[in-house]
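Try each task before reading its solution.

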Amino acid sequence: MNANASHISVQAVHKVFQSGGQDVYALKAIDLEIARGEFVCLLGPSGCGKSTLLNAVAGFSLPSSGSIAVEGAAVAAPGPDRGMVFQEYALFPWMTVEQNIAFGLQVKGEAKPAIQARVDALLELLHLQDFRKRYPKDLSGGMRQRVAIARVLALDSPIMLMDEPFGALDALTRRTLQDELLRLWTELRKTILFVTHSIEEALYLADRTVVMTYRPGTIKRDLKVDLPRPRDVASPGFNALKKELSQLLMEEQNRHEQDEFRGAAVD
Amino acid sequence: MKRYRHAASGILVPLAAIAFWQLLSAKGWVNATILPSPMQVLTKWWAYLRPLEAYDPSMGSYLKWCFSGELPQDAMGSLYRVLLGFAIGTGLALPLGLAMGYSKVVYALFNPLIQVLRPIPPIAYIPLSILWFGLGNPPAVFLISIGAFFPVLMNTVTGVQNVDSIYLRVGRNLGASRYTQFTRIILPAATPYIFTGARIGMGTAFIVVIVSEMIAVNNGLGYRILEAREYLWSDKIIAGMFTIGLLGLGIDTVMSRLSSRMLRWHRGLEQG
């Protein structure tokens, strides 16, 4: 395989769905190349198709046309090579923390001692040792999301797909988990595709921030974030980028709102 | 402290009811044949409960002797029928319910028939059950299994249909096969519903056992209170009814303990 090839390659992807007898383009002519080990954020207002794109890469809903390839192979179905972390955590509530983390390994048919060793290592990596026997309902949101991340890491998939994973967390927990994620990413060299609607989150985390437009979902701007890590959210450089992205995002947000008002007027 | 006060207030109303009952009998306001005094019922209850003959080691163990009274024999007979009927009803409802919840095809095939049969009360099967199975345990167990069957079936179907699709997406994402998805995601996710169904089914089974014993069997608690009416033994009727109530309460307590033990992960989930 060509070492220079993209890890994830999205080419001419369209996703069309029907709404009131009309074609709505959730995604239109999306081209996106993501290199191995790159941290890319998809940024946009709600309804811009960023989650649709993520789900297409995950293989949950395939594009209407165009192609998505991972390591040069076309994506046809969900798979453990592209671990997904959901906003709603989606932990299995009937399993304890360690059972949740072990699930993917059991599915893979690994030997018990190997699973145990891997689970122990992940519990330590995410500071979850004291919670291993707990059920998800007894954990805070931040802890739940740590477990969800560990569950995906267990499979050692080269790609992590994250759908607004920290959206439901309070600001402090959010920052802690962002730092944790950066630490894990640096240690484990994963390729990460991360959906968010927070400009600051995108700029804090990503190598590249891809801004998407509201219907049809297209790529409005592909911005390289050339700030040294750890990033200082109060620095002038950070704020300059933040201002730039705010403007882009506001335009889309306005279109979104106008669209909603128009919809309401028709109703 | 608070707990004790709650327990204390819990016996206030029953005590008042018994006192009122005692008053009615003591003053002779009601005929003792129609409503015997509490003491009379209690005496009869004891007579009904204790072994009929003195302990004789040659007849078997002491424990066996303890349960040789009429009431323990009746209670065990009823319990046996309930458990057997419940096991058969649940044993049939569970696989069918899982299949109907999981597969739209199976659902489409079976649902019309189920919907027609479901509103028929188990009691309405009595004539047919006697025609088919004669008298004794078989018709009773048949009726009880029908009583348990539908609640378990309906809840299992709903439970499987209501499994949050996000869990299935996670399962697919982590590489689970369809079989693994079924056994490790759908089945556990549906258990709260299944347990609710089982508890309702057990309650129905208990109602049906009493009715079926009144008609098709010549022992058991239901038979005994109907028999007592023949002799105008209202004290025995009431003692039998209390026994039925206590046994039902016992069964329901066991069911709910069992389910909250097995659903530890689920308790209080609604609150977040």
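**Exercise 1.** Find the domains of chain A in this predicted model, then describe the side of domain 1 of chain A that touches domain 2 of chain A.

*Solution.* Start with the bounds: the assignment gives domain 1 as 1-79 + 159-166 + 194-267 and domain 2 as 82-156. Next, take the C-alpha centres of the two domains, which lie 27 Å apart. Now turn to the contact, to which domain 1 of chain A gives 12 residues and domain 2 of chain A gives 8 residues. On the domain 1 side, α1 (50-58) and β7 (159-163) of chain A each supply two or more residues.

**Exercise 2.** Work out the strand order of the open sheet of 4 strands in chain A, and say which strands stand at the edges.

*Solution.* Tracing the antiparallel pairing gives β2-β1-β4-β5 (chain A). β2 (22-34) and β5 (73-74) of chain A each have a single partner strand, so they stand at the edges, with one side of each lacking a neighbour in the sheet. Look then at β4 (residues 65-70) of chain A, which is joined to antiparallel β5(A) by 2 bridges. Here V70(A) is found opposite A73(A) of β5(A).

**Exercise 3.** Describe the side of chain B that touches chain A.

*Solution.* First count the contact: 18 residues of chain B meet 20 residues of chain A. Then assign elements: α8 (165-173) and α9 (178-215) of chain B each give two or more residues to this side, and α8(B) gives the most, with 6 residues. Last, the classes on the chain B side are 10 nonpolar, 5 polar and 3 charged residues.

Notes. Residues are numbered from 1 along each chain as its sequence is written. Chains are lettered from A and ligands numbered from 1 in the order in which they are written. This is a predicted model: local features need pLDDT of at least 70, side-chain atom pairs count only at pLDDT 80 or more; totals for chains, interfaces and linings use all residues. Two strands pair if DSSP finds at least two bridges between them. Two residues are in contact if their C-beta atoms, placed from the backbone, lie within 7 Å. Ala, Val, Leu, Ile, Met, Phe, Trp, Tyr, Cys and Pro count as nonpolar, Asp, Glu, Lys and Arg as charged, and the others, Gly among them, as polar. Domain bounds come from an automatic or database domain assignment.
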